[in-house]
Amino acid sequence: MSSPDPNRGGPSAPSTLTAGTIPLEVVHARSFTRNPDLAPIEDIREEVLKLEAEGEWIVQRVPDDHTEVTTKYGRTKKIPNRHTWHHKSCGQCGHIPGYSTAIFWLNRELGTEYNDPRDQTSCTAWNYYASATSNAPAQAAVAMRNFAAAYETGFYPVIHCGTSYGHYKEVREELVRHPDLRAQVRDILAKMNKPLVMPEEMIHYSEWIHVMRHEIRKRTVLDLSNITCVVHPACHYYKLVAEDAIYDQEIYGGQRTAIMSQLLETLGAKVADYSTWFDCCGFGFRHVLVQRDFTRSFATLRKIERMKEEANPDVTITHDTGCVTTLDKSQFAAKAHGRNVGIPVMSEAQFAALAMGAHPYRVCQLHWHSTDYRPLLEKMGIDWEKAWAEFESDLDRLRSGKTEFLTWDDANAK
């Protein structure tokens, strides 16, 4: 048998599960040796800084108040602790708005300064990955216009969507490698009176949550020791430009990204394993448009059912728009056929916010989710019936015209 991929390893505790033909207990003893010299590609950040020195663009530096983490091959990455500009996700805002509000709520509760921009555009990665109807200068110009908008505020860009995050890293690569593309994009931005700006680091919001996990733990008001979670890491986070993802030797021997798992352990929850953790959630882009039944089948049969049968978790935690949407909203189809599904799905931002006492409807907006999350809330010690009555009261005030919208004060009202 050929040598197995060390990145498809299992948890640190023995298990009878198998990953393909490789027993997980065989994989448990392995540890991924981190060595920057073994990274498949050179550190693109060095080229980014070199181009600044040559006058090609401005590099926006990570704020002095930051945390250094280690990436897959042992490189150091800076994650800003505060003063962040939030590149929102169109899918979150449109399908799971409690995802975005949970991220902002966490920032507010932790007292970190942040900017929720009104002049941000979508990243247009849907064109890039799904329909191929755009072109390189247009894709890159959208990314760089957003980075310029962040630079002008003085806040550092943090990207909510894993798809945007992966796409922007690929845009960075293209702009570094192709002077003609840089020239085209520079001309486009000049027509908008915008500078050509490249961030020193590409930051995903879940990386910020990762470095803030101990501060989140200090403010946790719920006992999560009886909650079992499984984790689905997003492909566009750790498979695209894999050298940039955060890993830790304490998490699966450094064989899987530490994002989410380390947060959940810090919060006191149990993190269970399942054999298909490496697989896509089923979203996959183009086929979610043209073969939606395949997406639903893959999400439920290959992911949710495996989680249910092998770990029987209380909740599935992920950190990307498409993953939450697909794993949550696909389950209705399998349920109609009597399949073994029924696991609530949410982002780690929503889960962390709930642990800190966020309102399940005013903040986390779980009523937008399809799978029944109420047993989870009960097990966490949250009175969802009381919370729902409070939310219905909010809706009555909105319908009557007594108030135009809910404020952050309303969100935290007791």
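1. Is R219 buried, partly exposed or exposed? R219 counts as partly exposed, because its relative accessibility is 31%. In these terms, buried means under 20% relative accessible area, exposed means over 50%, and partly exposed lies in between (1.4 Å probe, protein chains only). The side chain of R219 meets that of E215 in a salt bridge, with 3.1 Å from N to O. A salt bridge is defined as a side-chain nitrogen of Lys or Arg within 4 Å of a carboxyl oxygen of Asp or Glu. E215 also counts as partly exposed, because its relative accessibility is 28%.

2. On the basis of the note: this is a predicted model, in which local features need pLDDT of at least 70 and side-chain atom pairs count only at pLDDT 80 or more, while totals for chains, interfaces and linings use all residues. Residues are numbered from 1 along each chain as its sequence is written, and side-chain values use heavy atoms, with hydrogens and water left out.

3. A search of the whole structure finds 26 salt bridges. One of them joins the side chains of R186 and E56, at 2.9 Å from N to O. This pair links distant parts of the chain, 130 residues apart: R186 belongs to helix α8, whereas E56 sits in the loop between α2 (44-53) and β3 (58-60). Helices (H or I, at least four residues) and strands (E, at least two) are DSSP runs, numbered from the N terminus. R186 is partly exposed, because its relative accessibility is 28%. E56 is partly exposed too, with a relative accessible area of 23%.

4. A further salt bridge is formed by the side chains of D244 and K169, at 3.8 Å from N to O. D244 lies in the loop between α11 (235-238) and α12 (261-267) and K169 in helix α7, so the pair ties together parts that are 75 residues apart in sequence. Both D244 and K169 are buried. The two residues also belong to a network of salt bridges that links K77, K169, E207 and D244.

5. The axes of helix α6 (residues 136-153) and helix α7 (residues 162-177) come within 10 Å and cross at roughly 105 degrees. Axes here are lines fitted to C-alpha atoms, for helices over the stretch in contact, and angles run from 0 to 180 degrees between N-to-C directions. α6 and α7 are therefore roughly perpendicular to each other. From α6, Q139, A140, A143, M144, N146 and F147 meet H167, Y168, V171 and L175 of α7. Contact means heavy atoms within 4.5 Å.

6. The axes of α7 and helix α8 (residues 179-191) come within 5 Å and cross at roughly 110 degrees. This makes α7 roughly perpendicular to α8. On the α7 side the contact is made by E174, L175, V176 and R177, and on the α8 side by P179, L181, R182 and V185.

7. P157 lies in strand β8 (residues 156-159). P157 counts as buried, because its relative accessibility is 4%. Leaving aside residues up to four places away in sequence, P157 touches Q60, W85, F147, A150, P199 and I203.

8. Helix α17 (residues 348-355) is mostly covered, since 8 of its 8 residues are buried. Among them are F351 and L354. α17 is followed by G357, which has a positive phi, near 100 degrees.

9. Positive phi values also occur in residues other than glycine. Y252 is not a glycine, yet its phi is positive, at about 55 degrees. Y252 is found in the loop between α11 and α12, and it counts as buried, because its relative accessibility is 12%. For N312, again a residue other than glycine, phi is positive and near 45 degrees. N312 is located in the loop between α14 (292-310) and β12 (315-318).

10. Finally, W126, L289 and V290 make a nonpolar surface patch of about 280 Å². Patches are made of residues with over 30% relative accessible area and no salt bridge; like charges are joined within 9 Å, and nonpolar side chains (Val, Leu, Ile, Met, Phe, Trp, Tyr) within 5 Å. Accessible areas come from the Shrake-Rupley method with a 1.4 Å probe, and for residues only the protein chains shown count as cover. W126 is found in helix α5 (residues 125-131) and is partly exposed, with a relative accessible area of 33%.

Terms used. Angles under 35 degrees count as roughly parallel, over 145 as roughly antiparallel, 65 to 115 as roughly perpendicular and the rest as oblique.
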